[in-house]
Amino acid sequence: MSDERRVEFRDYLPAAFVPDGDHSPARLFLLAFEMLFEELQLEIEGLDGSAQSGGIPDLFNPQATPPAEFDHLGAPDLDYLSYLASWIGLPLRTDKSIQWNRVFFQRAIQLYPQRGTLPGIRGMLEAWLAGEVTRVVIDDFAAAGSTSPAPFPFFFTVTLTLNSGAAGIAVMEAASLLLDREKPAHTSYGLRISGGSMQLAPSPPTSPVGFAQIGVTTRLNGALIFEILTDE
C-alpha cells in the first residue's frame with residue numbers, strides 16, 4: 001500500500017477534538033481504527049484504488065476471480081467462477097483446468113446473443129469440446145431444401161468427429177449435458193459421434209472394463225461409435 005492514507009478519521013471530528021500532531025495519544029488511538037478500515041477498503045476496491053487487480057472488481061471478473069485478497073478463505077478458484085457462471089445458467093467442466101474454463105466462459109459470453117439458435121449451439125459445442133472434437137456439424141431438418149424427413153417435430157442432428165485420443169464415452173456425456181441445457185425446450189436432437197482414428201484395447205491392467213469395448217477401449221477408423229436420439 002502507499003504511504004498516503006486513504007481516510008483519516010480526524011478529518012471528520014469536530015474541531016475541538018482534532019488531535020494535535022501525528023504522535024498525539026488521540027491520533028495513535030484513531031490510527032488503529034483507520035488501519036482496520038483500510039483493510040476492508042482494500043478488500044473491496046483492490047490495491048491502492050488503482051488499475052491494479054484486486055478487490056470486488058476482480059471478484060466479478062471471470063478472467064480474474066478470485067482476487068488475491070480472498071486467498072485466505074481457501075476456496076477452490078473454480079467455485080468463484082462457477083458462481084459467476086450460475087448467473088447466466090452456464091455449466092463449467094470440473095474435469096478441465098481453471099484457465100480452460102475461463103476461456104470457455106469468455107467464449108460463451110460472446111455467443112450469448114445467439115443462445116437457443118443452431119449457430120449458437122454449434123459455437124457452444126465447439127467451445128465446450130475444444131481439443132476433443134475436430135468438427136461439429138448440425139443438420140436442421142426444417143431448413144429450406146432439406147429432403148430428409150425428421151423423426152420428430154422440431155428435430156435436429158449433431159455430428160461430432162472425435163479428435164485423435166479423445167474418449168468417446170466422455171465426449172458423448174459432455175455433449176449431451178450441454179445440448180440438454182442449451183437447446184430450446186420444445187426441440188429434440190440426435191447425437192452422432194464418429195471416431196477419427198483407430199485405437200486398440202489396452203491391456204487389462206489399464207482398461208477400465210478389463211476387456212475390449214467399442215467406444216471405451218477400442219475405436220475403429222471413421223466408424224460410427226454412438227447415435228443417440230432424444231424425444232422430449
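Take the contacts between residues at least 6 apart in sequence: in this protein, 53% of them join residues at least 24 apart. Keep in mind that what you're looking at is a predicted model. Of its 232 residues, 37% are buried. The protein exposes about 13400 Å², and 59% of that comes from carbon and sulfur atoms.

Now for the layout. You'll find six helices and four strands, and from the N terminus on they run α-α-α-α-α-β-β-α-β-β.

Let's zoom in on how some of those helices pack. Two packed helices are described by the angle between their axes and the distance between the axes. Start with helix 3 (residues 77–86) and helix 4 (residues 98–111): their axes sit 10 Å apart at an angle of about 15°. Angles under 35 degrees count as roughly parallel, so helix 3 is roughly parallel to helix 4. The crossing of helix 3 past helix 4 is left-handed. On the helix 3 side, Asp-77, Leu-78, Leu-81, Leu-84 and Ala-85 do the touching, and they meet Ile-98, Asn-101, Arg-102 and Phe-105 of helix 4. Sorted by type, the residues of this contact are six nonpolar, one polar and two charged.

Helix 4 also packs against helix 5 (residues 118–128), with an angle of about 170° and axes 10 Å apart. Since anything over 145 degrees counts as roughly antiparallel, helix 4 is roughly antiparallel to helix 5. Here Trp-100, Phe-104, Arg-107, Ala-108 and Leu-111 from helix 4 meet Gly-120, Gly-123, Met-124, Ala-127 and Trp-128 from helix 5. This contact's residues split into seven nonpolar, two polar and one charged.

Note on methods. Residues numbered from 1 in each chain as written. Predicted model: local features only at pLDDT ≥ 70, side-chain atom pairs only at ≥ 80, totals over all residues. Heavy atoms only, no water. Axes fitted to C-alpha atoms, helices over the stretch in contact; angles between N-to-C directions. Helix = DSSP H or I, 4+ residues; strand = E, 2+ residues; numbered from the N terminus. Parallel < 35°, antiparallel > 145°, perpendicular 65-115°, else oblique. Left-handed = near helix turned anticlockwise from the far one by under 90°. Contact = heavy atoms within 4.5 Å. Nonpolar A, V, L, I, M, F, W, Y, C, P; charged D, E, K, R; others polar. Buried < 20%, exposed > 50% of the residue type's maximum accessible area, 1.4 Å probe, protein only. Areas by Shrake-Rupley, 256 points an atom, 1.4 Å probe, with all protein chains shown as cover.
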